[in-house]
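Work through the exercises below with the structure open. Try each task before reading its solution.

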There are 6 protein chains.
Amino acid sequence: MAPHRALTAAWDADRPAIGGWITTGSEMLIEAYGAAGYDYVGIDCQHSTFDERDAAQVLRRLPACPFAMFVRVSKNDPALIGRVVDAGAEGVIVPMVDTAQEAAAAVAAIRFPPEGQRSFGPGRADMGTTTDAIESRVSLFVMIETTDGLANVEEICAVPGLTGVYVGPGDLSVSLGLAPMDGFSTDQIEGPLATIRAAATAHDVVLGIHSAGGADAARWARLGCRLISLGSDMALFRAATVADRNTALDV
Amino acid sequence: MAPHRALTAAWDADRPAIGGWITTGSEMLIEAYGAAGYDYVGIDCQHSTFDERDAAQVLRRLPACPFAMFVRVSKNDPALIGRVVDAGAEGVIVPMVDTAQEAAAAVAAIRFPPEGQRSFGPGRADMGTTTDAIESRVSLFVMIETTDGLANVEEICAVPGLTGVYVGPGDLSVSLGLAPMDGFSTDQIEGPLATIRAAATAHDVVLGIHSAGGADAARWARLGCRLISLGSDMALFRAATVADRNTALDV
Amino acid sequence: MAPHRALTAAWDADRPAIGGWITTGSEMLIEAYGAAGYDYVGIDCQHSTFDERDAAQVLRRLPACPFAMFVRVSKNDPALIGRVVDAGAEGVIVPMVDTAQEAAAAVAAIRFPPEGQRSFGPGRADMGTTTDAIESRVSLFVMIETTDGLANVEEICAVPGLTGVYVGPGDLSVSLGLAPMDGFSTDQIEGPLATIRAAATAHDVVLGIHSAGGADAARWARLGCRLISLGSDMALFRAATVADRNTALDV
Amino acid sequence: MAPHRALTAAWDADRPAIGGWITTGSEMLIEAYGAAGYDYVGIDCQHSTFDERDAAQVLRRLPACPFAMFVRVSKNDPALIGRVVDAGAEGVIVPMVDTAQEAAAAVAAIRFPPEGQRSFGPGRADMGTTTDAIESRVSLFVMIETTDGLANVEEICAVPGLTGVYVGPGDLSVSLGLAPMDGFSTDQIEGPLATIRAAATAHDVVLGIHSAGGADAARWARLGCRLISLGSDMALFRAATVADRNTALDV
Amino acid sequence: MAPHRALTAAWDADRPAIGGWITTGSEMLIEAYGAAGYDYVGIDCQHSTFDERDAAQVLRRLPACPFAMFVRVSKNDPALIGRVVDAGAEGVIVPMVDTAQEAAAAVAAIRFPPEGQRSFGPGRADMGTTTDAIESRVSLFVMIETTDGLANVEEICAVPGLTGVYVGPGDLSVSLGLAPMDGFSTDQIEGPLATIRAAATAHDVVLGIHSAGGADAARWARLGCRLISLGSDMALFRAATVADRNTALDV
Amino acid sequence: MAPHRALTAAWDADRPAIGGWITTGSEMLIEAYGAAGYDYVGIDCQHSTFDERDAAQVLRRLPACPFAMFVRVSKNDPALIGRVVDAGAEGVIVPMVDTAQEAAAAVAAIRFPPEGQRSFGPGRADMGTTTDAIESRVSLFVMIETTDGLANVEEICAVPGLTGVYVGPGDLSVSLGLAPMDGFSTDQIEGPLATIRAAATAHDVVLGIHSAGGADAARWARLGCRLISLGSDMALFRAATVADRNTALDV
Ligand SMILES: [Mg+2]
Ligand SMILES: [Mg+2]
Ligand SMILES: [Mg+2]
Ligand SMILES: [Mg+2]
Ligand SMILES: [Mg+2]
Ligand SMILES: [Mg+2]
């Protein structure tokens, strides 16, 4: 339940933890994020074509990262969450959490009895041998991205064992009847974000959020977010390909 | 929620939409169905050895099909349905639906708030950018293949947002205490099929069905079915291998 | 629902059925277990990096084993259970079963209507053609590995259609507040095991258990266990590599 | 060097051995050919998207086939040939052989010293333990499909250890300045085929040929060919999809 | 032998053709290059962890690209070259060509008899049906990157059927006793490049070159190169990750 | 060209370097060998179902091993050797080397110009940046396993840049007309081994050999071998499964 040292190092330096976001599944891109000094890398099993099994196979091979490996699971499901934490995920992001009960179920999936219901079966030698050691290496974030989640954010933030909340600007916008992509680039969710921030602050949990890239991330940082994922590998690569071609052709 | 143009073209021509059925997972066989003029191809994630993640990887690579890509998911689960529609599935077939509530949950998995609970994350550039555009490209069929489903077919057909019902002759036969394979080749489910057809007609939803091949399909067509999957890639290939060998040996 | 002939042969010889345990996913190691005379091989989809889809692909290729193929699924889920039994699994082990209701749901996942809710779709030619033949080739074990499961073991053993219970010494220890690995090597769960054995005997279901290797297994056998998995492929290989290196270097 | 019993059974029955041809790589299609009574199945590593490594992985899993497994390798290369025979291939077809020296090199790749240069490393338990047993289970065909090969066919057929020659109507046509696909459907290569047949007969080696399907195969059989591959999995499937759709739509 | 229309369009517009370079194997990154307006994408089978078989599988799925797909093969080998052109490669880059004889062998691998020795077996429906159509869609570049190749560049450029020469600044530097990476960023190979350009111009073949990115590419363009690959997917992604993180943290 | 520190540490301790041998391709088994203190692990691309591309993918993911990673390539081919050394292999074993010329070609494949012909393209960040650094991290062994190789062993050992010779008892036996498996377990090749050892000693290159397991290895060590691979992962696992089952059943 203690955040990875790469995250706490960022916070100790009074800056947000910055994450890369993997939608291609490529291990080489994960390594590139790490080499560039990102504090964590998030593998997305929800909006991608791979799943928690694929993430687990990648995770098992990356035992000694100086950065934290997060997984956004596709569903609030203890078997899927168990698979990725067994494989070494240091953070889990659970999408579409609407209630404190759902948040508590997510926490129970990463904690052993009596606090939770996780099954014992660590998959890597370097994860520790006691239940305390094994469960303490995982952070748990639930996504606030629906009107229900927003309405219940106070109770959600009060769930014991939660590391933080993670805002999904796209889905939150849709749920509020707004255009999804504008959630990233405009101020349309700044009001709800202030509500969420207040709840997170009151309960001393981390406020995280997704961004569409570095410029947006800087804005989210100014608005108090402490864990910020930068767009995605594909978004970054697309922009880079355009820019490099323009340089080559001098246009 | 609007059927793919390949389906409506068939219906405009006053004939059923004809589908191929993939149980091998082979992309080359998908392409062969398409080249042969099938209106849709269904990838079966329920009774096969691959899953929705595999289907999603195939779907992501097939952006510009002139035919519709359907997936039969293994379960009425919003994460699994979300995975295949994010990857571009134009139709989803949900097995073993017993009640209107279950049918409504399936619809909610392909529609965004406020009508549904789908999470926003289209995986291909050609899927549109608005929630309306993205959700409107997917058809949703629920399978009527249990005695419960049969009993509730009227309420199921009335669920808003449903494209149609899809009859599973094998499981429906089992549920009725009959031999599964006879469901395809005999008239043993024609009575229940009439009941389902009446409900579909009353609520103006499409009546679909699985067949064991072209000859059966012609019978289902005469009985009013408008979306008919022809057996499977393996059934077709098995018959073809026998016939071609006989031709070669002149037997 | 009838155990595989390899299991009954062991029991007829008045010895426990001995199983190998696959956590690497390697088909070559499965074959090695079989060649060594193991009565069954269990593919673990819960505490490994592969899933039921991977297990199904392996199973489909192994039609004519003289030993039984078991799968421990990651979750008590009819779609996941259906996938592996369609592919030919002769035994299913369901983890973390707490109540008779959960055990009954697991049984329903391998039985066709009217007794259960399994969907018809056998994936191999050698599995039989009738629902009776197809369902009769699968054994179903539920894991007793929580304090709840222990408290309800009498009712669980009474569930019709259950082949047996399978004790998880690690999770049971955790649930009892004890060190997980000591569950294998000490007598700390012998009291609970006696309770479980009594319930299994009373209801004439098989008592199975996981062991950390041959020596532990011999102890479990003396304590009345009739189906015993030996550690895992990795545990076995690790010990063998150390021993062979020592032999080579004469140390 | 002794043909597989499935081939000799065909010849004993005074009919050609009939083969299926795999270009998709699908193991399920291989099994379908076998179930349909084909005498051999050829995996094509030359004109496909998979290679000898993929073929080897499929072969290793198919130890007890009643039919023979052949591989057309992509090149006359002892490492590639060694890979597939180690994995259990019972026949090897080597493309584009122009000279007796090249044919002898192909033979050397499947025979151990002193006759050949194959390296010892059988990959399956059922292949035998002596070099004689292991090498005797493999047939070797070289393709005659160039003007050079045609000119040298007499010397090629005289190479010790050769099982037969295998005619490629497409490439042979190209090499003769003719349209490749007409090589299958017209009589344009019947003259060269007569030359090849005479050489094969004189040296008592088997005359094999590729066909575009059963009807062509019957013609090749009448022209004296004794080992005939029927088109390909894809050609067969394409034709079957068209026919079945027509049946369904009654067109 | 006619360059892809995307290349000729660039040259008609009096600018070099610009290519992206794939070392990760990711199909999503290939698509991103295409969407960004690159004229071709080169899949590197030489200095990567994948091979021609992997490239062929990607190529087969990309039939209707508006950009050209190139493959750098790992070796001047007709089987490897045949594999990728059968799968649809529109350009082949052959590394380490030292002599005109080697260049002629590379040309022979993409041309059918009588000009070459390619075997007939197109793998996609859209490649044409005649040998002329099929071979005319492929460009062939040989790499000049050794002192031998440099010494023989005049004869190499004179080989009939060659589309162009492609300079490898790293290997050419090593061969000249210079530091490999300085080949990209300094003027150390400008002298040899002038020699190569003169030969290419004299024989009217295209001068291509590898660059480390857009800035270098602009320099190569000014020095007369007409086909320029920009660094690699990984180099581009690495730089982009650093820049985006800096933007996020405002450093 | 300098052996990995794990090897020199063994030799400094006056004991042979001990290696594990991978024929399954499993990364988990590689890690187990390493954890057990083996000095190197050899991935076999010759007598297995995987190839150099698969080995390269495994190698790229194992950057910080405390043990050395070796690959036995399938063939003396610079493209295949280049692929695995680019991916980080610290040792290459080349099979079936008959002459000094072949040995020199193998050395040239791992050395850059002017000494060799390796193409520059290191695939991992930790391999160094200069050609000297990159080539110095690779050891090169050629296999002496034919009568020709044995006859030429003196000249082979004299090839500059060679790290050592590696004896293949199975193939050497076959080449000598002896039973292959007896090469491991009897003294039948001790005479030829003495010849090879003398040549290795004279030219100060390392004498390596394959063994069938620890007991054989101890014998080879007594006979002067300094680099000894222990059987294979499968041989080790097979023996362990038998022993553990016997322990469990007390037989
Ligand atoms: Mg979201
Ligand atoms: Mg059904
Ligand atoms: Mg457990
Ligand atoms: Mg040919
Ligand atoms: Mg180069
Ligand atoms: Mg050998």
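The model is predicted, so local features need pLDDT of at least 70 and side-chain atom pairs count only at pLDDT 80 or more, while totals for chains, interfaces and linings use all residues. Residues are numbered from 1 along each chain as its sequence is written, chains are lettered from A and ligands numbered from 1 in the order in which they are written, and side-chain values use heavy atoms, with hydrogens and water left out.

**Exercise 1.** State how many residues of chain A and chain B take part in their contact, and how much area is buried.

Step 1. Contact means heavy atoms within 4.5 Å. Chain A contributes 18 residues and chain B 19 residues.

Step 2. Buried area is the accessible area (1.4 Å probe) that two parts lose on being put together, summed over both. For chain A and chain B this is about 1,400 Å², with 52% of it on carbon and sulfur atoms.

Step 3. On the side of chain A, the most area is lost by A:His47, A:Thr49 and A:Val174, together 40% of what that side buries.

**Exercise 2.** Find the salt bridges across the interface of chain A and chain B.

Step 1. Look for a side-chain nitrogen of Lys or Arg within 4 Å of a carboxyl oxygen of Asp or Glu.

Step 2. The rule finds three salt bridges. One of them joins B:Arg83 to A:Glu52, with the closest N and O atoms 4.0 Å apart.
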